[in-house]
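Here's a walk through one protein model, meant to be read with the structure open beside you. Keep the viewer handy and follow along.

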Amino acid sequence: MARGKDQRPGGVVKNVQAFERLSFLHQAAVLMSTIKYDTTPSASKSSTSAALTTTSKPKHNVKDWQGDPPGTLHATSRYFNNHMKQITGKLVMRLDPSVKRAVCRRCDTPIIPVITSTSRIKSKPAPTVIQTCKICKSKRRYTSQNPNYQLFSERSDVNMLQNDQDEL
C-alpha cells in the first residue's frame, strides 16, 4: 500500500475538519429556524412599558421586507448559513446540491416547508415545483421534464471515473 492512500473506496478525503464544520453550521441553522419562543411580556413588567413597546414599530427601508416573525431565531440561522457560504468560498469547496437547495439564495434562510417556505406545483407548460421563501418572498422553480433525470453528483458513472482517478 502506497503512503498517503487510505483503505476507503473513495480514497483520502481532504479538508475533513472543514466538511465537519460546514455540516455543523447547516444543522445549527436548521435547528435555529425551528425554535420558537414566547414573546408575551411577563407579569412582572408594568402595563405602561408593555404599551410603549407594542406601539413603536421599527422602520425597514428594504423593499418588500416583511421582517422575521416574532418569537423566532431566523436571524441566527441566516448568520450560520452566510458563514457556511463564506467558508466554502475561501476554501474553494463545493456544497452538495441538496444543501444548496435547502438554503434561500436571496436571504440565506433555511428552506423548511411550512415553517420558512411554501411549495406549490404547476403542471403546465412543464411540471414545476415553485418554492417561495416566507421571509424575503423570493421564488425558485424546479422543473422536471425528464422523469429519469439525476443530479451530476448522484450519477454512478461519475463516481466510477472519480474512483479511477484516485487509483492513479
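First, some ground rules. This is a predicted model, so to speak of local features pLDDT must be at least 70, and side-chain atom pairs count only at pLDDT 80 or more, while totals for chains, interfaces and linings use all residues. Residues are numbered from 1 along each chain as its sequence is written, and side-chain values use heavy atoms, with hydrogens and water left out.

**The helix pair**

Helices (H or I, at least four residues) and strands (E, at least two) are DSSP runs here, numbered from the N terminus. Take helix 1 (residues 16-34) and helix 3 (residues 74-90): they pack at an angle of about 160 degrees, and their axes are 8 Å apart. The axes are lines fitted to C-alpha atoms, for helices over the stretch in contact, and angles run from 0 to 180 degrees between N-to-C directions.

Who touches whom? On the helix 1 side, the residues include Leu22, Leu25, Ala29 and Met32, and they meet a helix 3 set that includes Phe80, Met84 and Ile87. Contact means heavy atoms within 4.5 Å. By class, the contact of helix 1 with helix 3 has eight nonpolar, eight polar and one charged residues. For that tally, Ala, Val, Leu, Ile, Met, Phe, Trp, Tyr, Cys and Pro are nonpolar, Asp, Glu, Lys and Arg are charged, and the others, Gly among them, are polar.

Serine 33 belongs to helix 1 and is buried, with a relative accessible area of 0%. Buried means under 20% relative accessible area, exposed over 50%, and partly exposed in between (1.4 Å probe, protein chains only). Leaving aside neighbours within four places in sequence, serine 33 is in contact with His74, Ser77, Pro110, Ile112, Ile115 and Thr116.

The model has an open sheet of three strands in the order 1-2-3, paired antiparallel. Strand 1 (117-122) and strand 3 stand at the edges with a single partner strand each, so one side of each is left without a neighbour in the sheet. From one strand to the next, the twist averages 20 degrees. Two strands pair if DSSP finds at least two bridges between them; six bridges join strand 1 to strand 2, and five link strand 2 (residues 128-133) with strand 3.

A couple of pairs to click on: lysine 122 has threonine 128 in strand 2 as its bridge partner, and threonine 132 stands opposite lysine 139 in strand 3. In a regular strand the side chains alternate between the two faces of the sheet. Strand 3 (residues 139-143) has Arg140 and Tyr142 on its covered face, with Lys139, Arg141 and Thr143 on the uncovered one.

Strand 2 also holds cysteine 133. Leaving aside neighbours within four places in sequence, cysteine 133 is in contact with Cys104, Cys107, Thr116, Ser117 and Ser138. Its C-alpha atom is separated by 10.0 Å from that of aspartate 108, 25 residues apart along the chain.

Strand 2 and strand 3 form a hairpin with five residues between them. Cysteine 136 sits in that loop between strand 2 and strand 3, and its C-alpha atom is separated by 8.2 Å from that of glycine 67, 69 residues apart along the chain.

Most residues other than glycine have a negative phi, and most peptide bonds are trans. Lysine 137, in the loop between strand 2 and strand 3, has a positive phi of about 65 degrees. Valine 92, in the loop between helix 3 and helix 4 (97-101), has a positive phi near 50 degrees. A cis peptide bond joins lysine 124 and proline 125, with omega about 0 degrees; proline 125 lies in the loop between strand 1 and strand 2.

| Residue | Relative accessible area | Class |
|---|---|---|
| Cysteine 133 | 2% | buried |
| Cysteine 136 | 5% | buried |
| Lysine 137 | 42% | partly exposed |
| Valine 92 | 74% | exposed |
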